[in-house]
Amino acid sequence: MKKTILTGIKPTGQIHLGNYIGAIKPALELAVEEDYSPIYFVADYHGLTKTIDSEDFRSFSYGIAAAWLALGLNPEKTIFYRQSDVPEIFELNWILSCLASKGLMNRAHAYKAIADNNRKAQKDKDYGVNMGLYNYPILMAADILMFRTGIVPVGKDQIQHVEIARDIAESFNRKYGETFVLPDYNIQEDTAVLPGLDGRKMSKSYHNTIPIFSEQAKLRKLINKIKTDSLPPEVPKDPDKSTIFMLYKEFALPAEVESMRQQFLTGVGWGEAKGQLFHVMNRFLEQPRERYKELMENPETIDKVLKEGADKAREMSVPFLKEIKRKIGFYS
Ligand code: TRP
């Protein structure tokens, strides 16, 4: 039987290169493999845990859907939906929350980090924490368990969430009999941490991202902003320590990568290297950028694709939720 592979992205900002290289690209590669049934979704209710302006929320949600489609997701072969269009996930969320201990949530990294910072700032530990944020891992467990997911491709920061889903699934299975598949995670080792403009991990929270569908001129500008050292052109440079080379590798052909590596080792000017990076990135992004624009101008096309995906998802979630509720004893 094919293994279900599932992942979601939450709409809290514009899709950037870190999302693409860390999540979308590997997920699209796995989606075409015969052994997997892919399920990808817009985690809009997870995005809501950060209170965002309605206009932003709408444009980020559509932006994520359009990005997946523009970059090559085939909705005929992948179940692709908006989380909020599959209400069974939220019923399961409640059921799972009654099986998850509060202590488990206290130990979740995202919450713990906030609580620790609050303590350091001598504020109440729960300052600024809404219940959605606190319960975040349970909703994520519902996303994963609802579709009998075998593998969740994730970044390192999400490993604990998959482990929590596993823990909760085990508790349920122990209490009510074998029901949920225990999920595993899969990390893309070499691309797990993509550096941003300032050299730290590329992340919305560091404001150091390169939005993937930036217009050409903007893309060039952002690439020029990537932090480099002040070595003169003729000095040899270590390609494997360079953000520019790391990004270049993701978009260039193998022969181009080799040639760039040689240029680094014999000395290359940063301006020159950045120019070549822009060239390969822009070459790859030109078409997706157009498709993205077109989709964003026609949100009803996106709605239609997502609605069809939600219908397919519900063909699984409706009967499975019934089975789950029967096991618990809601009806005989
Ligand atoms: N928490 C994930 C993130 O921030 C998004 C997400 C929500 C997710 N539900 C999921 C990822 C289920 C994988 C599986 O990136």
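The model is predicted, so local features need pLDDT of at least 70 and side-chain atom pairs count only at pLDDT 80 or more, while totals for chains, interfaces and linings use all residues. Residues are numbered from 1 along each chain as its sequence is written, and side-chain values use heavy atoms, with hydrogens and water left out.

**Overall build**

- The protein chain has 13 helices and five strands; helices (H or I, at least four residues) and strands (E, at least two) are DSSP runs numbered from the N terminus.
- The radius of gyration of the protein chain is 22 Å, close to the 20 Å that the globule rule gives for 332 residues, so the chain is as compact as a globular protein of that length. The radius is taken over C-alpha atoms, and the globule rule is 2.2 Å times the number of residues to the power 0.38.
- The C-alpha trace spans about 75 × 50 × 40 Å along its principal axes.
- Of the 332 residues, 49% count as buried. Buried means under 20% relative accessible area, exposed means over 50%, and partly exposed lies in between (1.4 Å probe, protein chains only).

- Strand β1 covers residues 3–9, and five of its seven residues are buried.
- Strand β2 (residues 36–42) pairs with β1 in the parallel sense over seven bridges. Two strands pair if DSSP finds at least two bridges between them.
- Within this pairing, Tyr36 in β2 is the bridge partner of Lys3.
- Together with helix α1 (residues 17–31), β1 and β2 make a right-handed β-α-β unit. A crossover is right-handed if, with the strands pointing away from the viewer, the path from the first strand over the helix to the second runs clockwise.
- β2 is also joined to β3 by four bridges, and these two strands run parallel. Phe41 stands opposite Tyr81 in β3.
- From strand β3 (residues 79–82), Ile79 and Tyr81 point one way and Phe80 and Arg82 the other, and all are buried.

**The largest pocket**

- Rolling a probe the size of a water molecule over the atoms shows where empty space is left.
- The search uses a 1 Å grid over the protein atoms alone: a cavity is a set of points where a 1.4 Å probe fits but cannot get out, and a pocket is an open set with protein on both sides within 12 Å along at least five of seven lines. Lining residues have an atom within 4 Å of a point.
- The largest pocket has a volume of about 1,500 Å³. Grid points are joined across faces, edges and corners, and a volume is the space filled by probe spheres set on the points.
- This pocket is lined by 49 residues, and Lys10, Tyr136, Asp157, Gln158 and Lys201 lie nearest its centre.
- β1, α1, α6 (109–120), α7 (131–146), β4 (151–153) and α8 (159–176) each supply at least two lining residues. The largest share, five residues, comes from α7.
- The lining divides into 22 nonpolar, 20 polar and seven charged residues. Ala, Val, Leu, Ile, Met, Phe, Trp, Tyr, Cys and Pro count as nonpolar, Asp, Glu, Lys and Arg as charged, and the others, Gly among them, as polar.

**Cavities**

- Ala108, Ala110, Tyr111, Leu133, Tyr134, Tyr136, Pro137 and His161 line the second largest cavity.
- α7 gives the most to this lining, with four residues.
- By class, the lining of the second largest cavity has seven nonpolar, one polar and no charged residues.

**Single residues**

- Most residues other than glycine have a negative phi.
- Gln122 has a positive phi of about 60° although it is not a glycine. Gln122 is in the loop between α6 and α7 and is exposed, with a relative accessible area of 76%.
- Arg148, also not a glycine, has a positive phi of about 50°. Arg148 is in the loop between α7 and β4 and counts as partly exposed at 36% relative accessibility.
- Gly269 is in the loop between α11 (254–266) and α12 (270–297) and counts as buried at 14% relative accessibility.
- Ala217 is in helix α9 (residues 216–224) and counts as exposed at 62% relative accessibility.
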